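Please take a moment to look at the sequence and the structure shown here, and keep both in view while reading.

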Amino acid sequence: MKSKILLTAMLLASISFTGIAQGVVGKLKQKAEQAADRAVDKKINEKVGGNQSGTNPPGGNLPGNGPGGSGSPANTSGGGLVVTPPNVRENMAEAESSYKAGRYSDARYALKQAMLGVEMEIGNKVLKSLPESVVGLSKKADADQVTSMGYGWVGLTIHRAYASGNKQLNVTVANNSAWISAANMYLSNTNYAATGGEQNWKQTKVKGYRGIIEYNQSSGYKLSVPIGQSSIIVWEGINFASEQDMMNAANVFDLDGIKNKLGEK
């Protein structure tokens, strides 16, 4: 019996030792292969003039990649690009002529540009209709912005900011389905309001339009009001003294006028 136990122990020890030995040999083989690869890379880099470490920065040797590359000076001047919304009339004419000539791809592109141009014109009209000042806050002209991510009245965003001292009001009018869905979720789910714990949001109205007002200690007030089926206006107030102070600012805006300019029903 003792001899059988001894034999079994010796067999297990042999298997264990073999496994460990194979693991050690495998690791040594892997290290040797990695060292060989590094040596080969180093030799190649020396031949082609690359760096000695064998690790090139992403795109580092490509022409025109970053300032000062290949001895070129860094850019320190220039006025950037001129904002040029698509010309509606020119693109409509281009679409017609391309269509008659059978260049359908060009015709389609010109039509898309024309529709994008119309959308930008609507956005600029809405922006110009916004008040110049709101409850003592003056417009920040350099913050005015109209952007569009596509055509067909999807993705249009109009932004304006007002400020005085450390008090600021940001206003954004947008065709944004995600924002509309979020606001409607709050407006339609009264149970969520009743069980929401700390009162950091609630339903309200601005000039007859239902909306949601929120408050966050770090970011201030946020008031979201859907105006139509696909448009929403959002005010973000920083350092406003109270909810009523925020509501007074929102009530300065002509919501019916904005809605009509956007073509909302």
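Leaving aside its neighbours within four places in sequence, which residues is Tyr209 in contact with? In this predicted model, the residues that Tyr209 touches are Thr204, Val225, Pro226, Ile227, Leu255, Asp256 and Lys259. One of them, Pro226, is 17 residues from Tyr209 in sequence, and the C-alpha atoms of the two are 7.4 Å apart in space. With Asp256, Tyr209 also has a polar contact between side chains, at 2.5 Å. The relative accessibility of Tyr209 is 14%, and therefore this residue counts as buried, since the cut-off for buried is under 20%.

Strand S6 (residues 201-206) runs antiparallel to S7 and is joined to S7 by 6 bridges; Lys202, for example, has Ile213 in S7 as its bridge partner. The hairpin of S6 and S7 has 2 residues between the strands, and in this hairpin Lys207 takes a positive phi near 50°. Strand S8 (residues 220-226) is likewise antiparallel to S7, with 5 bridges joining the two, and here Glu214 has Lys222 in S8 as its bridge partner. Between S7 and S8, which also form a hairpin, there are 3 residues.

From the strands we can turn to the aromatic rings. How many aromatic pairs does a search of the whole structure find? The search finds 4, and among them is the pair of Tyr162 and Phe253, which is edge-to-face, with 6.1 Å from centre to centre and 80° between the planes. Because Tyr162 lies in strand S4 (residues 157-164) and Phe253 in the loop between helix H6 (243-250) and helix H7 (255-261), this pair ties together parts that are 91 residues apart in sequence. Tyr162 counts as buried because its relative accessibility is 0%, and Phe253, at 1%, counts as buried too.

A further aromatic pair, formed by Tyr215 and Tyr221, is tilted, with 4.7 Å between the centres and 50° between the planes. Tyr215 has a relative accessibility of 36% and so counts as partly exposed, whereas Tyr221, at 12%, counts as buried.

Tyr162 and Phe253 also belong, together with Trp235, to one aromatic cluster. Finally, a ring can have a charged residue over its face, as with Phe240, where Lys167 lies over the face at 4.6 Å from the ring centre.

Notes:
Residues are numbered from 1 along each chain as its sequence is written. This is a predicted model: local features need pLDDT of at least 70, side-chain atom pairs count only at pLDDT 80 or more; totals for chains, interfaces and linings use all residues. Side-chain values use heavy atoms; hydrogens and water are left out. Buried means under 20% relative accessible area, exposed over 50%, partly exposed in between (1.4 Å probe, protein chains only). Contact means heavy atoms within 4.5 Å. A polar contact is a pair of N or O atoms within 3.5 Å; within protein, one must be able to donate a hydrogen and the other to accept it, and residues adjacent in sequence count only if both atoms are side-chain atoms. Two strands pair if DSSP finds at least two bridges between them. Helices (H or I, at least four residues) and strands (E, at least two) are DSSP runs, numbered from the N terminus. Rings of Phe, Tyr and Trp (its six-membered ring) pair if their centres lie within 6.5 Å; planes under 30 degrees apart count as stacked, over 60 as edge-to-face and the rest as tilted. A charge sits over a ring if NZ of Lys or CZ of Arg is within 6 Å of the ring centre and within 35 degrees of the ring normal.
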